[in-house]
Structure formats: structure tokens, C-alpha cells
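Subject: Structure handover

Hello,

Here is the structure I promised. Please load it first, then read my notes below.

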Amino acid sequence: MKMRPSSEAELAEMMAAANAPWHITGGGTRGIGGDGAALETGGLRGIGLYEPGALTLVAQAGTPVAEIEAALAAQNQRLAFEPTDLRDALGTSGVSTIGGVVATGASGPRRIAVGAARDFMLGVRFVDGAGTIVKNGGRVMKNVTGYDLVKLMTGAHGTLGVLTEVSLKVLPDVEMQASLRLSGLAPDQSVAAMSAALGSPFEVTGAGRTAAGDTLLRLEGFEASVRYRAGALSKKLAGFGDVTLDDTAGQDWTDLRDARAFAGGSGDLWRLSVTPSDAPAVIAAVDPETYTLDWGGGLIWAEVPAGTDLRARLSVPGHATLMRASVETYGRLGRFHPELDVLARISRELRARFDPKGILNPGLMEAAP
């Protein structure tokens, strides 16, 4: 059974009357299952306000990301946090929505330079588990009073409320994008090269390693600036081997952002967040069949044999999220990394406050039994 409200008021009525679990989903691209009937937000669609001069956009949660990006591109602007599209990696279909992006905190390679999705959020409207319509934030960065529910809702995966509208800060697009490419580096060398680049004054907006083993460093801005910085950074990294300038690496960044190297894989797919300097040790301990690095080594995508408890292999602080697996493996290991006891208690109290009936994606973000 699927429910698809066409307005915020209709959603609030449905939520107030509900007495059984809801499986909240945006466009269904994450493939997150759950108990109860599916509640889709695709009926809440449309850009309500776009002010290019104020770098502000307001859209209903079910608005496709592609529609928003097209509107921004017409004004030479963009979503600077580079939202991910994981349909190929997860083997899902559907349409990526802005509400889904916010609910999952989907942020791409540029996060290391400009911030994550949560850093571009200005305001939200949502319906909580009791059917109450809640509004927080506004259309400017300093228009938040009281509790910052805007950031709380970003990455909550629909467990605290169903987003109906989001307000975002957008940024101008760039004149040129180019990448430096280093091939054949071992994981520790790759991380060292990325760290050196990110610690330089040359404004690197992407630092990753492809599944093929290429280390990529992205530079963006005005053409003259990009070419100058590329030359200076190439000299700085000369000790790591041959450095080539690639003006056409845009597809590589898209593939890295969307974890496309794992499309069609038969193993389990994990997303690891660690200290960049720990990445080489993690790769050695996990021994993945395929892996990529992003965020200078702080984000690892790893494919391992089905059923592997990858968390048991981690010997460093970090988080391991199970992104693609069988229902049995999800039931045994859980999707999200277990929280520390104090954080788990806070999370439970928040869910009890915003979802007193326990009907919003119940159990999704809790540790496996």
C-alpha cells in the first residue's frame, strides 16, 4: 500500500489519524525498506520561490533535484554541496527529490571545500508524527531562533517528521573546472598527496581516488586562476610522481560522487567515514573487493563479500553505514553504525518527542538487535 499526499494539510490529516507504522520515502532512490505502508512525498512538488539575486531557493520536498538544478543552471547557479544520486550503485530507480537529499544529508565531493547539505539549509517545514505542522528557520542564514530544527531534520531519514518544504542557499556556478591526476599511487601515498593538496593555498574543491587507482584533485573558478593554481599545485605534488592536467574529468567526479564503480556488484556496499589519515589502515583491514576514496580519504566506499560484518574489522574510530545488502544482512547488522550510549539515549528522546506514536520509519536508525 502506498500513500501520496498532494498537500501539506492532507499529509497532516493522514499523520494525525495514523495508528500504524509508515515507511517514509522521497523518490525511492535509496531503496530503504521499512515496516508499514509507504508514504511518498512526490505529490508535494514545485519551486515556490527562487531569488537568484538573494541566492535563495524554496521548494516543496517532492520536487525532483533535476528540476531544481535546471532552474539554477538557467541562472548560472548551482547546489554547491553536490547532492549524490546513488541509483546506479544501489540498483534502485525512482526520482531523486530535494526532500530526500535533505533527509539523507546527501553531500558530494565538494563538501570538503564548501560544507555539507546541512550547511546550506535555511529553513524547513515538516509534519511530525502527531500530525503537527512545524516550521523552523527562514530564507536567510541568521533567521533561526530557538532550537535549530533545520539541521536536526537534515540527515534524520524521516524519523522525526516528513519534510514538506525546504529553503536552501545556492551559489554561483564556476567558469572552469579542471583536475590534476596522479596514477599508480598506493593508498597511503594517495592520501598523502590529497592531504598535501588540501593543505595548500590553492583552493582544492575535490580530492578523491577512483576505483581504477587514480588520485584526482579538482580546481574550480575563473579560467586564469584555475590554470595558475593547477601549475603551482603540480609543482608542489611533483614528488608523488607524474601529475597531468585533465580539463575533461567531470565524468570522473560524477562517478565518484555517485559511487558508480559499484553498479551491478554482487557484494555488500559500505560507506565508511573515518579520519583521512586512517584510511590506508582501514583499507588494509577491510580488504575490499573494490573501493574508492573521497573527501581526502575521509569517505571510503567499499564493496565486500555478502554478509561480511565490516564493522568488526574496523580498528579505528569512525562510522560504517551499510548501504546495499540483503534483508537478512540488514536484520543482522543494521543499516547505521551503533551510537554511543549517551547519543543513543538522546536520539530515542528526540524520536519520542517528534514521533510519540512511533510510526515514522520505526527502527530505521536504531542498532540491530
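Which residues are exposed on the other side of H12? They are Asp341 and Arg353. Bear in mind that this is a predicted model.

Helix H12 first. H12 covers residues 341-354. Ala344, Ser347, Arg351 and Phe354 are buried in H12. Viewed down the axis of H12, its buried residues fall within an arc of 100°, so they line one face of the helix. The cover over these buried residues includes strand E7 (121-127) and helix H6 (149-153).

Next, helix H2, residues 65-73. Here Val65, Ile68 and Leu72 are buried. Down the axis of H2, the buried residues fall within an arc of 65°, so they too line one face. Ala66 and Ala73 are exposed, on the face of H2 turned away from its buried side. Among the elements covering the buried residues of H2 are strands E4 (47-51), E5 (56-60) and E6 (77-78), plus helix H4 (98-104).

Last, Thr25. Thr25 sits in strand E2, residues 22-25. Its relative accessibility is 16%, so Thr25 counts as buried. A polar atom of the Thr25 side chain lies 3.3 Å from the backbone nitrogen of Gly28. Leaving out residues up to four places away in sequence, Thr25 touches Leu39, Glu40 and Thr41.

Best wishes

Conventions:
Residues numbered from 1 in each chain as written. Predicted model: local features only at pLDDT ≥ 70, side-chain atom pairs only at ≥ 80, totals over all residues. Heavy atoms only, no water. Helix = DSSP H or I, 4+ residues; strand = E, 2+ residues; numbered from the N terminus. Buried < 20%, exposed > 50% of the residue type's maximum accessible area, 1.4 Å probe, protein only. Polar contact = N/O pair within 3.5 Å; in protein donor to acceptor, adjacent residues only side chain to side chain. Contact = heavy atoms within 4.5 Å. Arc of directions from axis to C-beta. Expected span 1.5 Å × (residues − 1).
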